[in-house]
Amino acid sequence: MNGLLCYCRAGFEPDLAAELGDRAAEAGIAGYARATRGEGYLLFLGDDSAMATRLPWRSLVFARQSLRLFAELRDLDPRDRIAPMLEAIESERDMDPGRRAPYGELWVEHPDSDAGKPLSGLARSFGNALRPVLRKRGLLAASDDPRLPRLHVCFVAGDHALLADSDPADSAPWPLGVPRLRLHADAPSRSALKLEEALLTLLDDTQRREWLRPGMTAADLGAAPGGWTWVLARHGLRVIAIDNGPLRPHLLETGLVEHLRADGFHWQPARPLDWMVCDMVEQPTRVARRVGEWFREGWCRHAIFNLKLPMKKRWLETRRSLDAFRRTAQAPLVLRARQLYHDREEITVHARRVSAT
Ligand SMILES: C[S@@+](CC[C@H](N)C(=O)[O-])C[C@H]1O[C@@H](n2cnc3c(N)ncnc32)[C@H](O)[C@@H]1O
């Protein structure tokens, strides 16, 4: 079985299927999606054994996680689910003599959906039972090694499991693709979690260290009540927060934040800034064009912005908005867009000028 097993926000399966369909066609890969709305996952099946490398997780917007699928086991006997799984894992290994090293970790998962969540207890206990068996057979490293490929068992029902593996360099480093972040007591809004997740997901450790340094400057368009501004100020950035609404007073006490009551679609900075972030609730193409103007005018080197999506054809709107952004920016850019765990009907984009260091 060749294909991808992708996790996504429940309800966004058709959007992920449309995205994968387009991306596969562009890459010349024949494939089709097997998806049901609300299940929180989909399979993208085809003949290309290199699909996972040709459609990298990092480049996908609607996939929280993307894994290389190699087996689907139905009608599992609850008295012995391990034997058929071992057989499938060993036969997969035999088919590819290049993969002799053991897996570095085993993650037993379930979709993040109404039907999937009740399977969390089974996933935990099954993982505890399967792990020592895999170790005994030399299929799993004696102790967890996050550098080696990971083995994933995904229960979609008690008697139905999907087997897959992943490359730690091109997959989400969190089970189910969900980072568990806790809202800080001082955060002015839950939205702070969105920007925290964006920084964690769209930048790597080195980029975060180099691109978010004390003394750098930022504008936050649509800042109230101040969650994103608060996250930037915690990194030591000086932030101009643009919003007609009020900011939480303790933000201003940091001495790092200036609040301007202005229209985020018209305000422009007096001098270039390191960052612009934007969480204004508006038509996505309008936001994308405005952020594009910031890059065209050289007003920022980095931007993180949210695009609020319509209820239907969200992939189409995503493409349209990102195209409008690129066309308007007229500058060489690197873009990463993703529907984050803390995003609901929206996606988050990081863009930077290629010359930025
Ligand atoms: C989702 S909230 C932002 C939440 C914020 N990121 C946080 O972390 O607390 C959207 C904000 O955008 C502001 N907004 C919408 N249109 C705007 C505009 N044209 N100019 C400035 N602010 C705008 C609204 O007043 C609202 O406070």
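This is a predicted model: local features need pLDDT of at least 70, side-chain atom pairs count only at pLDDT 80 or more; totals for chains, interfaces and linings use all residues.
Colleague: How far from a nitrogen atom of the ligand is the polar side-chain atom of Asp279?
Modeller: Asp263 and Asp279 are both listed among the closest residues to the ligand, and each has a contact with a nitrogen atom of the ligand. For Asp263, an N or O atom in the side chain is 2.9 Å from such a nitrogen. For Asp279, the distance from a polar side-chain atom to a nitrogen atom of the ligand is 2.8 Å.

Colleague: Are α5 and α7 oblique or roughly parallel to each other?
Modeller: Helix α5 (residues 191–202) packs against helix α7 (residues 227–234) with the axes 7 Å apart and at an angle of about 45°. Angles under 35 degrees would count as roughly parallel, so the angle between α5 and α7 makes them oblique.

Colleague: How many residues in the contact of α5 with α7 are nonpolar?
Modeller: On the α5 side the contact is made by Ser191, Ala192, Lys194, Leu195, Glu196 and Leu199, and on the α7 side by Gly227, Trp228, Trp230, Val231 and Leu232. By class, two of these residues are polar and two are charged, while the number of nonpolar residues is seven.

Colleague: Are α9 and α10 roughly parallel or oblique?
Modeller: The axes of helix α9 (residues 284–296) and helix α10 (residues 314–329) come within 7 Å of each other, and they cross at roughly 25°. Because angles under 35 degrees count as roughly parallel, α9 and α10 are roughly parallel.

Colleague: What is the phi of Asp75?
Modeller: Asp75 is found in the loop between β4 (65–73) and α3 (82–95). Most residues other than glycine have a negative phi. Asp75 is not a glycine, yet its phi is positive, with a value of about 50°.

Technical notes: Residues are numbered from 1 along each chain as its sequence is written. Side-chain values use heavy atoms; hydrogens and water are left out. Axes are lines fitted to C-alpha atoms, for helices over the stretch in contact, and angles run from 0 to 180 degrees between N-to-C directions. Helices (H or I, at least four residues) and strands (E, at least two) are DSSP runs, numbered from the N terminus. Angles under 35 degrees count as roughly parallel, over 145 as roughly antiparallel, 65 to 115 as roughly perpendicular and the rest as oblique. Contact means heavy atoms within 4.5 Å. Ala, Val, Leu, Ile, Met, Phe, Trp, Tyr, Cys and Pro count as nonpolar, Asp, Glu, Lys and Arg as charged, and the others, Gly among them, as polar. A residue is near a molecule or strand if one of its heavy atoms lies within 4 Å of it. A polar contact is a pair of N or O atoms within 3.5 Å; within protein, one must be able to donate a hydrogen and the other to accept it, and residues adjacent in sequence count only if both atoms are side-chain atoms.
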